[in-house]
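Please read this briefing alongside the sequence and the 3D structure.

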Amino acid sequence: MQIYLPIAEVSVNAFLLLGLGGAVGILSGMFGVGGGFLMTPLLFFIGIPPAVAVATEANQIVASSFSGVLAHVKRKNVDFKMGTVLMVGGLIGAAIGVRIFNLLKSLGQVDLLVTLSYVVFLGIVGGLMFWESIRAMRRSQSGAPVAKRRHHNWVHNLPFKMKFRQSHLYISAIPPLLVGIFVGVLAAIMGVGGGFVMVPAMIYILGMPTKVVVGTSLFQIIFVTAFTTLLHATTNYTVDMVLAVLLLIGGVVGAQIGTRIGVYLKAEQLRILLALMVLAVCGKLALDLLLQPSELYSIGAEAGH
Amino acid sequence: MLRIFVLLLALVALPLRAEEIVAGLSQEHVDITTNFDGSEILVYGAVKRDAPLPAGDLDIIIAVSGPSSPLTVRRKDKRFGIWVNTESVELGSAPSFYAVATTRPLDDILSPEQDQTHRISVEQMIRSVGVEAPREDIRDALIRIRAKGDLYQELENTISISEDTLFRTDIALPANLTEGTYHTRMFILRDKQVVAQTDTVIDVRKVGLERFLYNLAHDLPLVYGLLSLFIAVAAGWGASTIFRYIK
């Protein structure tokens, strides 16, 4: 069934959108990532104008994250205090990120920089997670005692200490705030929720237990992407409600299924799967940069820079 | 004296006006509804003659053009091992949709000078920012990319003429259509010269839900944004609740 999107001004198959939303939603629920880093390139691929894809995707992530977070709240896997600190950082970061995005746009090379940041960050995050997960699995297989992550690093020597009961942490508020700002900047530039950076940052930098990481990440993503959606809707008029509804119907259902699948997987397995997926997307984008494209020319939406 | 002059002028002008087009469209407006999946328009007409049938071949050209806008065409090149946009050329205007239907190959029935005057071929429709013609590789790339999406169509030999009078053709408008006024021009040609021309318009408009959402997004962006968020949160909550009951 073809459906015409009022803002994107293209006609696409409604079932294709429902399916894409569902597939990405399952992954979102499983891993606590918004799924934007998968969905945004997929939307480009089926012919949605990039500006509309980025803005609408932010709106869709709000829905799938909200659906996902409710399931985590029920199991008390959300650290609201930590989530709020991260969110405050995220909102500041998103505002800065939008400024940077517009600056790059005026310089004319925004596509390249977005793709490059995808490749660099997906590569680093995916590689680190993959390596770490393999090591963890080896250790548990060989039967050797799992070395407990060192909990007293530089993070613990900063002022403004706060108690994060859900995460069993007593650390300074500065690192989570900085992580939030950093992820917010990335999220605005790359048009994603930022979960794929947030999740490893929470595990490796903040030392949060894997159990609460997914729910807390989803919690703060809701607010950052909602803020991004409003910014896009009021400045660029690029949020397509029809596209968003189709994606989110598939997305929210998928997220529910994904959360339930995630329960049956071990943390290491979950991490290694997410790492492989992140690396796959990274590899695809890197190939696009390295191989000669079949069409060297492209049409910009409008004149000017 | 003046009267004789006017009469003479009228006599001279008469052969040129000997043939006229009476045109029709199967529909004068295209409504973009939610399930819009392209539209086919039947363009038909008749050649009206006051004088006997002139000698030579009769040819018809029908050109449908969508709203024009300026745009930028970029070219990629390999720099530091990766493919990046190295060059961008701004074009003054190019139609969002363009279809040319003809009775015979365009080059056989239209002289280059007449093409330039009447701007019939798609190449003539693409204008650069300045006075000069747009760069050929840029223009060709634009035509190639748009032709792939059925936005630029060269429909040679698709108009059928019967009895040297009646003609018709079908123009397929693709699903990814831009809103606006679509000009339909029809030309009668003899000896590669345009002897008569007529214009009609097709109105392409979003209607119903499409119209409502588009207007809301542009007129009340904050309301539209908040509504989008509300739908997102409601859908997320709804799915969560439904799944809890299923369990």
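Is the crossing of α3(A) and α8(A) left-handed or right-handed? The crossing of these two helices is left-handed, meaning that the near helix is turned anticlockwise from the far one by less than a right angle. This is a predicted model: local features need pLDDT of at least 70, side-chain atom pairs count only at pLDDT 80 or more, and totals for chains, interfaces and linings use all residues. Residues are numbered from 1 along each chain as its sequence is written, and chains are lettered from A and ligands numbered from 1 in the order in which they are written.

**Helix pair**
- Helix α3 (residues 50-74) and helix α8 (residues 210-235) of chain A have axes that come within 8 Å and cross at roughly 155 degrees (axes are lines fitted to C-alpha atoms over the stretch in contact, with angles from 0 to 180 degrees between N-to-C directions).
- α3(A) and α8(A) are therefore roughly antiparallel, a term for angles over 145 degrees.
- Residues of α3(A) including Ala55(A), Phe66(A) and His72(A) take part in the contact with α8(A), where Val214(A) and His232(A) are among the partners (contact: C-beta atoms, placed from the backbone, within 7 Å).

**Contact between chains**
- In chain A, 49 residues are in contact with 47 residues of chain B.
- α9(A) gives the most to the side of chain A that touches chain B, with 9 residues.

**Strand pairing**
- β5(A) pairs with strand β5 (residues 68-79) of chain B in the antiparallel sense over 4 bridges (pairing needs at least two DSSP bridges).
- Opposite Tyr297(A) stands Arg75(B) in β5(B).
- Helices (H or I, at least four residues) and strands (E, at least two) are DSSP runs, numbered from the N terminus.

Definitions and conventions: Parallel < 35°, antiparallel > 145°, perpendicular 65-115°, else oblique. Contact = placed C-beta atoms within 7 Å.
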